[in-house]
Amino acid sequence: MTARADARLPAFSDRGPVSRSFRRFLGRASLTLFAVMILTAFLLPLLAMVTLSLEDAGQRTTPGAPIYPATPATGTYQGESYAIYAVPIDGATRNLMLVKKGRAQSTFVDPGDPSQTPIVWEGSWRTLEQAWAFDPKLNNFATVWSQLNFPRLLFNTAAVAVLSTLGAVLSSALVAYGFARFRFPGKNILFVILIATIILPFQVTLIPTYAVFTKLGWNGTWLPLIVPHFFANAFNVFLLRQYFLSIPRDLDEAATIDGAGPFRILRSVILPLSIPAITAVSLFHFFFSWNDFFLPLLYLAGEPELQTLPIAIQQYNALYVSQPSLIQASALMTMAVPVIVFFLAQRAFMRGVVVTGVEK
Amino acid sequence: MTPSRREAAWGFVFVAPWIIGFLLFTIGPLVASLVLSFTDFNLVRPEATRFVGLDNYARMAADPLVLQGLVVTAKFAAVAIPVTTIASLGIAMLVNSPRLFGRSAFRTLFYMPIQIPLVASTLVWIGFLNPETGWLNGLLRLVGIEGPDWTNNATWVYPALTLIGLWGIGNMMLVYLAGLQSVPSELYEAARIDGAGPWSMFRRITIPLMSPILLYNLVISLITTFQYFTQAYVLTNGRGDPNNATLFINLDLFREAFVNNHMGYASAIGWLLFVIVLGLTLALFLVARKRVYYAGGET
């Protein structure tokens, strides 16, 4: 007895730190659980969207339908198909096939074991609720795909985004290089003006720009969505300039001694060393363009052949507002590309935001 | 050419794309829209444009829809800006905690919804907030509450749009996160030794050190609120329902310019917006001069 108690003593004194680290673990676990709950609430609409998009169009408006994608359950008995109902028997509810309907009593068969003797149930079968079986469907996606000419929309959206990203990154790299590496009169004031354009509401320049583009015959083409981006913008220039400034000037000077001119230095010294910043700017701009709604609405709303996804989806929604399953399927299809690319390139994205602190 | 003049010439060559773009797409249109705001310009009969003096501005002062647009925008800002600020700072603090397991996964997932096209995310939320078939009212029903008709009620539509806006907090959250990581941890340790609790550390260390970032995010939120358009347009297909409760000022401008073809008048509304945003931004900076703490001392 004493020996055993003695043997336990060292273990007992160890228990202090053990339980402290266990308590710390509990603290971390409960904090993590709390974060999981917040995150679940935050992303719950996404789950609702996926669920709805997998449902038959009529399910949401059918009374008694479950929250998951389902169709009324059926079973087979002696080669015939019968609907399954939830039948209360002896205080429990069993899902049984209704094989013979009657006003006062009906005959049911257990779909799990049809060889059993049929069960006769007293009462009106009309008061019973149908049983539902989990049955996700993909036909909403197929419907949206064909009704919207989805491949065309994907191509348009991607083409506009690629061209405008090309222009934005190219021009912004040149301008950022100018601000990062050269001294010229008025440089500081020009840079301040550049940054100040961030607070300029786009509405104040909108109408003359629209009038001129219309006059030029650009209304109803992609040009208004692409051409202005070939003239750099504050966000991209700021991000790239910050990055260029962090590249040691010794490298430029070494290249100059080797006889390289400014364009050559930009191309073979600065840009190769700035791949992370170039990637971030490209991704931001690509999806800014991919997601843009206002300008495509203005210039492409009447051009089904040239439209981009966001406006086509909006028009589709206005048309099929009573068909939530189709709408949610179309929303899922619209977000698929940006969300997948985001998960593949999330580090580049999130670092880009933090480097600039500037939002687009 | 002297080396310094040559350097300056190269500098101008490289910044030229922006200078040209700034003249073509910013200064030019800015001046033009100011001029147009004193005319009755429209695109159907541009040759018939007349100078109307201050008529557009006088009309604006008496236009119930412009007033409604400003009131709607202000109401929404009053609900949405505090909620998104608290949510993004709160979540940034949560995913900054060293005690959280899987921090980077949480950061990625809280950031992700900002990547969803606004039209798609608005449609997802419209489905989620549907009074009969949406999950939110379904969940409320489970606890015995009959939820409102979120998007068709002139009061509840602002909380509804605020909820939709919560999916856009990603960038703000990351900016706060970067700010939180730059607060020296010795400050918290010293405060803890002095017996400070979590709330007083938050109030006396976190908030003052984060104040420049709070100011920055506030300015950005203000600007985006005055440009609020896509969600309101998708919600009611541009009608501004219910009862003009989602007729944001930007939506009103869009309708005047491109539906009613009152482009001179819409230019005047554009300038009103510009002046308001500029005024509010300056006011924020003035207030902030007294309250924002810059770690580098006087700047």
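1. What radius of gyration does chain A have, and what would a compact globule of 360 residues have? Chain A has 32 Å, while a compact globule of 360 residues would have a value near 21 Å. Keep in mind that this is a predicted model. Taken along the principal axes, the C-alpha atoms of chain A fill roughly 95 × 90 × 35 Å.

2. Next, the make-up of the chain. Chain A has 14 helices and eight strands. Buried residues account for 36% of its 360 residues. Now take the contacts in chain A between residues at least 6 apart in sequence. Of these, 67% join residues at least 24 apart.

3. Look at domain 1 and domain 3 of chain A as a pair. Even so, four residues of domain 1 are in contact with six residues of domain 3. On the domain 1 side of this contact there are three nonpolar residues, one polar residue and no charged residues.

4. The two chains also meet. Their contact takes 75 residues from chain A and 72 residues from chain B. Which helix gives the most to the chain B side? Helix H1 (residues 3–36) of chain B does, with 18 residues. By class, the side of chain B that touches chain A has 50 nonpolar, 20 polar and two charged residues.

5. Now the core. The largest nonpolar core holds 140 residues. Six of them touch the most other members: Val175(A), Val237(A), Leu240(A), Ala331(A), Met173(B) and Tyr176(B). Helix H3 (residues 150–181) of chain A supplies the largest share of this core, with 11 residues. Domain 1 (1–53) and domain 3 (141–356) of chain A each give at least three residues to this core. As a general rule, nonpolar side chains in soluble globular proteins tend to be buried together.

6. Val175(A) is then in contact with Ala232(A) and Val237(A) in chain A, and with Phe14(B), Val15(B), Pro17(B) and Trp18(B) in chain B. A second, separate core has 14 residues. Among them are Ala70(A), Val87(A), Trp121(A) and Leu128(A).

7. Turn to the strands. In chain A, strand E2 (residues 74–77) and strand E3 (residues 80–89) run antiparallel and are joined by four bridges. Thr74(A) stands opposite Ala83(A) in E3(A). E2(A) and E3(A) form a hairpin with two residues between the strands. In this hairpin, Gln78(A) takes a positive phi near 50 degrees.

8. Further along chain A, strand E4 (residues 92–100) runs antiparallel to strand E5 (residues 105–109), with three bridges between them. Leu98(A) stands opposite Phe108(A) in E5(A). How many residues lie between E4(A) and E5(A) in their hairpin? There are four.

9. E5(A) has another partner to check. Four bridges join E5(A) to strand E6 (residues 119–122) of chain A, and these strands run antiparallel. Here Gln105(A) stands opposite Glu122(A) in E6(A). When you trace these strands, remember a general point: in a regular strand the side chains alternate between the two faces of the sheet.

Key:
Residues are numbered from 1 along each chain as its sequence is written. Chains are lettered from A and ligands numbered from 1 in the order in which they are written. This is a predicted model: local features need pLDDT of at least 70, side-chain atom pairs count only at pLDDT 80 or more; totals for chains, interfaces and linings use all residues. A nonpolar core is a set of buried Ala, Val, Leu, Ile, Met, Phe, Trp, Tyr and Cys residues joined through C-beta atoms within 7 Å. A residue is buried if 20 or more other C-beta atoms lie within 10 Å of its own, exposed if 12 or fewer, and partly exposed in between; C-beta atoms are placed from the backbone. Domain bounds come from an automatic or database domain assignment. Two residues are in contact if their C-beta atoms, placed from the backbone, lie within 7 Å. Two strands pair if DSSP finds at least two bridges between them. Ala, Val, Leu, Ile, Met, Phe, Trp, Tyr, Cys and Pro count as nonpolar, Asp, Glu, Lys and Arg as charged, and the others, Gly among them, as polar. The radius of gyration is taken over C-alpha atoms; the globule rule is 2.2 Å times the number of residues to the power 0.38. Lists of a residue's contacts leave out its neighbours within four places in sequence.
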